[in-house]
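Here's a quick briefing to read alongside the sequence and the coordinates.

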Amino acid sequence: MTAPLVKTERRPAADAAPVSRTTAAAPRRSPWPAVRHLLGFGAPGLLVYACFVLAPIALSVGYSFTNANQFAPETHFTGLDNYTRLLGDEEFLTALEVTTILTLIVVILPNVLGLAVAMLLDRSGRLYKALRSVFFVPVVLSAVVVSVVWQAMLTDDGLVNSVLRSLGVHSPPGWLSDPDVALYSVGFIISWQMLGFCAVVYLAGLQGVPQELHEAAAIDGAGPWLRFRRVTWPMLAPALTINTVMLLITGFKAYDHIQVLTGGGPGTGTTATLAFSVIQTGFTANRTGEASAMALIMLVIVAVVSSVVLRFLQRREVDF
């Protein structure tokens, strides 16, 4: 006769380790692989930037505190002599004044005319697309090519004066030979070249304005001018910021047009900008230390003015 089976209940061992309900923390990844990949891909660009941008700036800073001259046998440390001399130099102050006037022309004229052209071309059709390309062509041309063409047209016996004489103007102005007119002629030529860029930027801004806003304003009884003032112009704030900063930098660094059109004249320094004076002082007069100081002063002026204008225009975007 077999014994009855006895069911025994299994109990967990007292010394068994409790099961943890918390998930083990994932191991932290080291950022070094990503940094190595970034440096690996960006090393060529960083090397080029360091060699052709950072290194020349560092050399200019060093030269600006010396009397460096390409034909002088010895170079001595002069401290702030170059800077103090420039701040009292009449030619440098005249170049600063010329640059300021030219920059104002280059900032205002293309902005106004570019907005007008953009509003005229803000239509659909093949003709308007072709006109957009035509207006943008001068932007892709080099400053030297544009200057040579306009120089041929604006000489005393050029096309412009010939047309004016045929219309009865007996004494047309010397566009590039009159000291009172030459700077404004150069400003017009630079503005003409940058007109297409401003028009394209404004055109992109106009196409981003919602049509519903214009329709709502028209329903409320707003006319074309009021719709432009209250709807279109506030929406163009980012485009105005881009154009103004770009034109500001273009005006301050103007050199190619000056060299080809007037050579800094007519007369003495009537169209000589800061960039032109830097090149003349450093490579013609061979005063490397003084030219380096001029370049650094120009760099500081451009950086400060651009930063202030950019900050002001960006605040305007937020307000709108």
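A residue lines a pocket if it has an atom within 4 Å of one of the pocket's grid points. With that in hand, helix H13 gives the most to the lining of the largest pocket, with 8 residues. Keep in mind that this is a predicted model.

**The overall fold**

- The protein has 13 helices and 0 strands, so its pattern along the sequence is simply α-α-α-α-α-α-α-α-α-α-α-α-α.
- Of its 320 residues, 34% count as buried.
- Looking at contacts with a separation of 6 or more, 68% are between residues 24 or more positions apart.

**The largest pocket**

- This pocket has a volume of about 620 Å³.
- Its lining is made up of 23 residues, and the closest to the centre are Ser60, Val278, Ala291, Ser292 and Ala295.
- By class, the lining has 16 nonpolar, 6 polar and 1 charged residues.

**The second largest pocket**

- Here the volume is about 390 Å³.
- There are 21 lining residues, with Glu91, Gly269, Ala272, Ser277 and Thr281 nearest the centre.
- Helix H3 (90–121), H12 and H13 each supply at least two residues of the lining, and the largest share, 5 residues, comes from H3.

**The cavity**

- How many cavities of 30 Å³ or more are there? The count comes to 1.
- The largest cavity has a volume of about 50 Å³.
- Its lining consists of Val117, Ala118, Leu121, Arg132, Phe135, Gly196, Ala199, Val200 and Leu203.
- H3, helix H4 (126–140) and H7 are the elements that give two or more residues to this lining, with H7 providing the largest share at 4 residues.
- Sorted by class, those residues come out as 7 nonpolar, 1 polar and 1 charged.
- Staying around H4, Ser133 sits in that helix and is partly exposed at 46% relative accessibility.
- The C-alpha of Ser133 is 8.6 Å from that of Gly196, although the two are 63 residues apart along the chain. Gly196 is also one of the residues lining the cavity.

**The nonpolar core**

- As general background, nonpolar side chains tend to be buried together in soluble globular proteins.
- In this model, the largest nonpolar core has 46 residues, and Leu102 and Tyr202 touch the most other members.
- Helix H2 (81–87), H3, H5, H7, H10, helix H11 (256–261), H12 and H13 each give two or more residues to this core.
- Which helix contributes the largest share of the core? That would be H7, with 10 residues.
- Leaving out residues up to four places away in sequence, Leu102 touches Leu183, Val186, Gly187, Ile190, Gly251, Ala254, Ile258 and Thr273.

**Aromatic pairs**

- The structure holds 7 aromatic pairs.
- One of them is Trp150 with Trp192, an edge-to-face pair at 5.5 Å centre to centre and 75° between the planes. The planes have to be over 60 degrees apart for that label.
- Trp150 lies in helix H5 (residues 143–154) and Trp192 in helix H7 (residues 182–207), so this pair ties together parts that are 42 residues apart in sequence.
- Are the two partners buried or exposed? Trp150 is buried, with a relative accessible area of 13%, while Trp192 is partly exposed at 32%.
- There's also an aromatic cluster, formed by Phe65, Phe77 and Tyr83.

Note on methods. Residues numbered from 1 in each chain as written. Predicted model: local features only at pLDDT ≥ 70, side-chain atom pairs only at ≥ 80, totals over all residues. Heavy atoms only, no water. Phe/Tyr/Trp six-rings, centres within 6.5 Å; stacked < 30°, edge-to-face > 60°. Buried < 20%, exposed > 50% of the residue type's maximum accessible area, 1.4 Å probe, protein only. 1 Å grid on protein atoms, 1.4 Å probe; cavity = no way out; pocket = protein on both sides within 12 Å on 5 of 7 lines; lining within 4 Å. Points joined across faces, edges and corners; volume = space filled by probe spheres on them. Nonpolar A, V, L, I, M, F, W, Y, C, P; charged D, E, K, R; others polar. Core = buried A, V, L, I, M, F, W, Y, C linked by side-chain atoms within 4.5 Å. Contact = heavy atoms within 4.5 Å.
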